[in-house]
Amino acid sequence: MIILSIKRLYAILYFMRIPLLAANWKMNKTNAEAEDFIQKFLKNEINSDREVVLCGPYTVLSKMQELLAGTKVGYGAQNFHWEESGAYTGEISADMLQELGCSYVIIGHSERRRDNNETDETVHSKIFAALDADFVPIVCVGESLIQRKNNEMVTVVENQLKVALDGLSNEQLSKIVVAYEPIWAIGTGETATPEQAQEMHAVIRKQVNEETRILYGGSVKPDNVVELMQQADIDGALVGGASLKSEDFIQIVNY
Ligand code: PGA
C-alpha cells in the first residue's frame with residue numbers, strides 16, 4: 001500500500017521521476033540460484049507505476065537475458081570497464097554487456113571503491129562510457145561512519161559528485177541515477193532514518209536536476225521501505241541483502 005507525501009507525488013507526476021527499485025546481488029547466486037529466484041519473482045504481480053532492476057554477477061547475465069526477455073523487469077551488471085577493449089585482464093566492456101541485453105550498470109559502489117581502487121575519477125570515466133552505450137548508470141556515493149561522526153557527510157558526498165559528474169550536460173544528468181549509500185548502513189542492519197536520508201538526498205539534488213532519480217541504499221527492508229519512499233527526494237532503493245530472497249524483494253518492489 002503506497003502512502004505518498006504530497007511532495008513525493010509531485011515529483012512523480014511533475015518531474016516524471018518513476019520509482020526505481022534495484023537489486024544488487026553482489027557476489028551471490030549461481031545460475032541455478034538466479035533461475036530459482038527469477039522464476040519465483042515473476043510469479044508476482046508488479047505494481048505498474050515503477051521500474052524494477054536486478055543487478056547480478058556477470059555469470060548470471062545470460063540467464064537473466066533468457067528469463068527476463070519480454071518481462072517488465074530490467075537487469076544489469078555491477079561494474080564494467082570504460083575502455084572499449086584491450087589488455088585489461090579480468091575486465092568486462094560495455095559491448096560485452098550490451099550483447100547480454102543489459103540496460104543498467106552500477107558504478108562506484110563503496111565495496112568496489114574499498115576493494116578495487118575505484119575512485120571518483122574512474123567513476124567519472126565509467127559514467128560517460130555507460131551513457132555512450134545507452135546504459136542507465138547507477139552511480140553510488142556515500143560517507144563512512146567516521147565521516148558522519150565528524151559531520152563531514154555533506155562535503156564528502158558533494159566532492160564525490162563534483163568529480164564524478166563533471167562535464168555532464170543537463171540532459172545526461174536526467175538519464176543517470178544516483179544512489180546515496182551511507183557506508184555505515186550497508187549490510188549492517190542500521191538504516192539511515194528517513195530524515196537523515198532525505199537531508200542527504202536534498203544535498204545531492206542540488207548537484208543533479210529535478211528529473212534525476214536518487215535512490216537510497218543501506219539496509220533497505222520490507223519494513224522500512226515505505227517510510228523511506230515517502231520522502232520528497234527519495235526516488236527508489238538499491239537493495240543488497242534483502243534482494244536475495246524473492247519473497248523479500250517483491251515486498252520492497254510493491255511497497
Ligand atoms: P544492503 O546493501 O541492502 O545489504 O545494505 C546495499 C548495497 O550495498 O547496495
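**Close-up views of a predicted model**

**View 1. Aromatic pairs, with Phe37 and Phe41 as one of them.** The count of aromatic pairs comes to eight, where rings of Phe, Tyr and Trp (its six-membered ring) pair if their centres lie within 6.5 Å. In the pair of Phe37 and Phe41, the ring centres are 5.5 Å apart and the planes are at 25 degrees, so this pair is stacked (planes under 30 degrees apart count as stacked, over 60 as edge-to-face and the rest as tilted). Both residues belong to helix α2 (residues 31-41) and are four residues apart, about one turn of the helix. Helices (H or I, at least four residues) and strands (E, at least two) are DSSP runs, numbered from the N terminus. The model is predicted: local features need pLDDT of at least 70, side-chain atom pairs count only at pLDDT 80 or more, and totals for chains, interfaces and linings use all residues. Residues are numbered from 1 along each chain as its sequence is written, and side-chain values use heavy atoms, with hydrogens and water left out.

**View 2. The residues around the ligand.** The ligand is surrounded by 13 residues, the closest being Lys26, His109, Glu181, Gly187 and Ser219 (a heavy atom within 4 Å). Four residues of this shell are nonpolar, seven are polar and two are charged; Ala, Val, Leu, Ile, Met, Phe, Trp, Tyr, Cys and Pro count as nonpolar, Asp, Glu, Lys and Arg as charged, and the others, Gly among them, as polar.

View 3. For Asn24, the distance from a ligand oxygen atom to a side-chain N or O atom is 3.4 Å.

**View 4. Lys26 and Asn151 in their loops.** Lys26, in the loop between β1 (20-24) and α2, is not a glycine but has a positive phi, near 55 degrees. Asn151, also not a glycine, has a positive phi of about 60 degrees and is found in the loop between α7 (145-149) and α8 (153-164).

Terms used:
Polar contact = N/O pair within 3.5 Å; in protein donor to acceptor, adjacent residues only side chain to side chain.
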